[in-house]
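Subject: Structure handover and findings

Dear colleague,

Please find below the structure that I am handing over to you, together with its sequence. I would be grateful if you could read the notes that follow with the model open beside them.

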Amino acid sequence: APLYARLRAADPTAAQGILPGNGRRIVRALEVIELTGAPFTASLPEPTPYYPSVQVGVDLDTVLLDERIALRVDRMWADGLVAETRALVGRGLPDGRTASRALGYQQVLRFLAGELTETEAYEETIRATRRFVRRQRSWFRRDRRVHWLDSAEPGLVTEALRSVAAAAG
């Protein structure tokens, strides 16, 4: 919180684009300000696309999304995530910098290490996936280039094509 307050004072525009709980980005912004003497936002590149494109986001009601996440985790468990993780332990999974932190693997590794029961690992996988999805949603919501469509709309494909045609000019 004190570092975020410092960033807000030094560069309110940068602070507005960084979540208060994102310690890495807060510290990085303060580092850039300290090293360059310029606002962090001054050193950020303009978000111009490399290729001309249309970005379409397909959204889903949060309750339905949470249900789908739970079903997905059910399938992961039923398809053998625990056995797969157990087999990968001998091949160095716990030593990996990214795979060992992947949703599902991380929780199963904690179960195999005796830190969680299997039920707790399963439930934590659902919770962690929901948190991840919410972070993704808030990240993409800030991008004004994304044309958001409701997945429950019956004319979803037609609406997506209409968005592409409108953007193409």
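Predicted model: local features only at pLDDT ≥ 70, side-chain atom pairs only at ≥ 80, totals over all residues.

Helices α1 and α3

Two packed helices are described by the angle between their axes and the distance between those axes. For helix α1 (residues 2-10) and helix α3 (residues 23-36), the angle is about 45° and the axes are 10 Å apart. The crossing of α1 past α3 is left-handed. On the α1 side, the contact is formed by Leu3, Tyr4, Arg6, Leu7 and Ala10, and on the α3 side by Ile26, Val27, Ala29, Leu30 and Ile33. By class, the residues of this contact comprise nine nonpolar, no polar and one charged.

Ile26, which lies in helix α3, deserves a separate remark. Is Ile26 buried or exposed? Its relative accessibility is 4%, and Ile26 therefore counts as buried. Leaving aside residues up to four places away in sequence, Ile26 touches Leu3, Tyr4, Leu7, Ile18, Leu19 and Pro20. Leu3, Tyr4 and Leu7 are also among the residues that α1 brings to its contact with α3. For orientation, Ile26 and Thr117 are separated by 91 residues in sequence and by 35 Å in space, C-alpha to C-alpha.

Helices α5 and α6

Helix α5 (residues 81-89) packs with helix α6 (residues 105-112) at an angle of about 75°, and their axes are 10 Å apart. The two helices are therefore roughly perpendicular to each other. From α5, the contact involves Leu81, Val82, Glu84, Thr85, Arg86, Leu88 and Val89; from α6, it involves Tyr105, Val108, Leu109, Phe111 and Leu112. The residues of this contact divide into nine nonpolar, one polar and two charged.

Helices α6 and α7

The axes of α6 and α7 come within 9 Å of each other and cross at roughly 160°. As this angle is over 145 degrees, α6 is roughly antiparallel to α7. Here α6 passes α7 in a right-handed crossing. Gln107, Val108 and Phe111 of α6 meet Glu118, Ala121, Glu124, Thr125 and Ala128 of α7. In this contact there are four nonpolar, two polar and two charged residues.

Which residues of α6 are buried? They are Tyr105, Gln107, Val108, Leu109 and Phe111, and the buried residues of α6 pack against α4, α5 and α7. Just after α6, Gly114 adopts a positive phi of about 85°.

Helix α7 (residues 118-141) contains 24 residues and spans 34 Å from its first C-alpha to its last, close to the 34 Å expected at 1.5 Å a residue. Its buried residues are Ala121, Glu124, Thr125, Ile126, Ala128, Thr129, Val133 and Arg137. The elements that cover the buried residues of α7 include β1 (55-59), α4 (62-78) and α6.

Glu153 is located in the loop between β2 (146-150) and α8 (156-168). Its relative accessible area is 47%, and Glu153 is accordingly partly exposed. Glu153 and Ala70 lie 83 residues apart in sequence and 23 Å apart in space, C-alpha to C-alpha.

With kind regards

Technical notes: Residues numbered from 1 in each chain as written. Heavy atoms only, no water. Axes fitted to C-alpha atoms, helices over the stretch in contact; angles between N-to-C directions. Helix = DSSP H or I, 4+ residues; strand = E, 2+ residues; numbered from the N terminus. Left-handed = near helix turned anticlockwise from the far one by under 90°. Contact = heavy atoms within 4.5 Å. Nonpolar A, V, L, I, M, F, W, Y, C, P; charged D, E, K, R; others polar. Parallel < 35°, antiparallel > 145°, perpendicular 65-115°, else oblique. Expected span 1.5 Å × (residues − 1). Buried < 20%, exposed > 50% of the residue type's maximum accessible area, 1.4 Å probe, protein only.
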